[in-house]
Amino acid sequence: MAPRSRKRRRSSNEDRRGGCPFTVTAITEQRSNRASKKSKQDDANMEERQWTQLWPFNPEGKFNSMQSMSLPYIIEPRKRWRAMTRYRNFILNGRKYSTHDFVYVANDDSIEAQKIASREEDGGSLPRLTKYWVAKILEIRAADEHHVYARIYWMYSPDELPPNTRYGEESIEGRQTYHGKNELIASNHMDVINVISIVTEAQVHQWIESNDDEVRDALYWRQAFNIATFQLSPAELVCNCRTPAHPDELLVGCTSQDCGQWLHEKCLRHAVLKQVYDRVGTEKPHSSDINSDMTVTPTQIAALSSGADGAKDISNPFPSKMGKFASSELYDGLFTATLITGNGPLHWEITDQRLNCSGNTGTWKERVACLTCGTAID
């Protein structure tokens with residue numbers, strides 16, 4: 001059986017969130033195996049009591065959950081739940097909500113924050129994910145206008161990934177280095193809530209790494225967490241370092257039709273600065289005779305080591321192949337590179353910061369080259 005949800009904890013603010021008499025139990029494979037050892041009558045009763053929720057998301061692109069996300073479940077008290085009428089939508093505080101909508105749900109923190117927010121301007125920004133939960137409405141039922149309930153799937157914050165979450169063969173917990181500030185994780189973690197817990201509607205998109213136009217000012221998801229197996233679906237790997245894209249950091253696409261690789265801007269910057277250092281070092285001047293349009297030799301960044309002892313960090317399923325960039329590099333304090341995206345072809349503006357070098361030439365340009373195929377990126 002899946003563990004009890006942390007999202008249903010009770011508090012003194014219960015009257016503000018709304019009481020809910022219903023509980024949801026997920027039927028995992030382990031629970032089903034235990035039930036199969038009982039009598040056939042018990043098995044028949046279990047079949048009659050349970051429903052199955054099909055995966056309500058319609059992911060596009062290269063999303064792959066690796067397993068079925070459909071969830072058999074039981075709601076208790078069953079008779080009371082089934083006696084209520086099903087509705088396609090409901091109206092709360094003048095706003096209409098429907099099945100399949102995403103919503104913000106109040107929690108203890110948000111109730112407290114509302115007392116302050118009512119006296120302050122928020123500038124129209126997104127509600128902070130630390131102050132609200134986000135859910136997808138699956139079903140609406142009501143006994144009367146004062147007793148309206150929504151069966152929902154929770155959208156997880158990456159911080160909520162529990163211990164022993166499985167990513168392939170790795171075990172992880174919590175937020176990973178590639179998760180963005182507005183990123184959510186779709187899940188099949190089901191609950192029933194009183195609709196007066198709903199604060200407002202939420203806009204949530206699936207993020208496809210090759211098209212990030214929709215993720216800048218919206219909530220988004222790209223992975224799914226299976227509450228029955230604790231399995232997290234894979235994120236698409238990009239660049240030569242073979243790690244996921246970070247939605248809040250720049251990706252550069254190779255313009256060669258034969259390649260089309262997406263590359264981390266930080267990986268490209270490391271490659272060009274390393275080449276500049278290898279070429280001129282600490283004392284040799286940059287030569288004006290060198291073609292300013294020269295490209296970077298394809299660099300196998302994946303071969304870089306993040307540690308001298310070869311220890312494996314099991315808290316992150318993606319080896320810290322870019323972790324070395326944050327530590328001291330030979331070019332640190334000597335050269336910097338700024339990516340220039342306007343005024344002609346994509347290029348680097350290299351700044352020479354060597355104070356004691358007589359050959360210091362200030363700044364010059366270097367073309368941006370794909371780390372995979374070596375082609376200059378236009």
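User: How many bridges join strand E7 to strand E8, and do the two run parallel or antiparallel?

Analyst: Five bridges join E7 (residues 102–106) to E8, and the two run antiparallel. Strands here, like helices, are DSSP runs numbered from the N terminus (helices are H or I, at least four residues; strands are E, at least two), and two strands pair if DSSP finds at least two bridges between them. One of the contacts in E8 has Trp133 as the bridge partner of Val105. This is a predicted model, in which local features need pLDDT of at least 70 and side-chain atom pairs count only at pLDDT 80 or more, while totals for chains, interfaces and linings use all residues. Residues are numbered from 1 along each chain as its sequence is written, and side-chain values use heavy atoms, with hydrogens and water left out.

User: Which other strands are joined to E8 by bridges?

Analyst: Strand E4 (residues 85–87) is joined to E8 by three bridges and runs antiparallel to it, with Arg141 in E8 as the bridge partner of Arg86. Strand E9 (residues 147–155) is joined to E8 by nine bridges, again antiparallel, and Ala142 stands opposite Val148 in E9. A hairpin of two residues connects E8 to E9.

User: What makes strand E8 count as mostly covered?

Analyst: Of the 13 residues in E8 (residues 132–144), 11 are buried, where buried means under 20% relative accessible area, exposed means over 50%, and partly exposed lies in between (1.4 Å probe, protein chains only).

User: Why is the ring pair of Trp55 and Phe57 called by the name it has, and how many aromatic pairs does a search of the whole structure find?

Analyst: The search finds 14 aromatic pairs. The ring centres of Trp55 and Phe57 are 4.6 Å apart and their planes stand at 40°, so this pair is tilted. By the rule, rings of Phe, Tyr and Trp (its six-membered ring) pair if their centres lie within 6.5 Å, and planes under 30 degrees apart count as stacked, over 60 as edge-to-face and the rest as tilted.

User: What makes the charged end of Lys136 count as sitting over the ring of Phe57?

Analyst: The charged end of Lys136 sits over that ring at 5.3 Å from its centre, and the rule asks for NZ of Lys or CZ of Arg within 6 Å of the ring centre and within 35 degrees of the ring normal.

User: Are Cys239 and Cys267 buried or exposed?

Analyst: Cys239 counts as buried because its relative accessibility is 0%, and Cys267 counts as buried at 0% as well.

User: Why is Ser256 placed in its accessibility class, and what does it touch?

Analyst: Ser256 lies in the loop between strand E20 (251–253) and strand E21 (262–264), and at 17% relative accessibility Ser256 counts as buried. Leaving aside residues up to four places away in sequence, Ser256 touches Cys373 and Thr375, where contact means heavy atoms within 4.5 Å.
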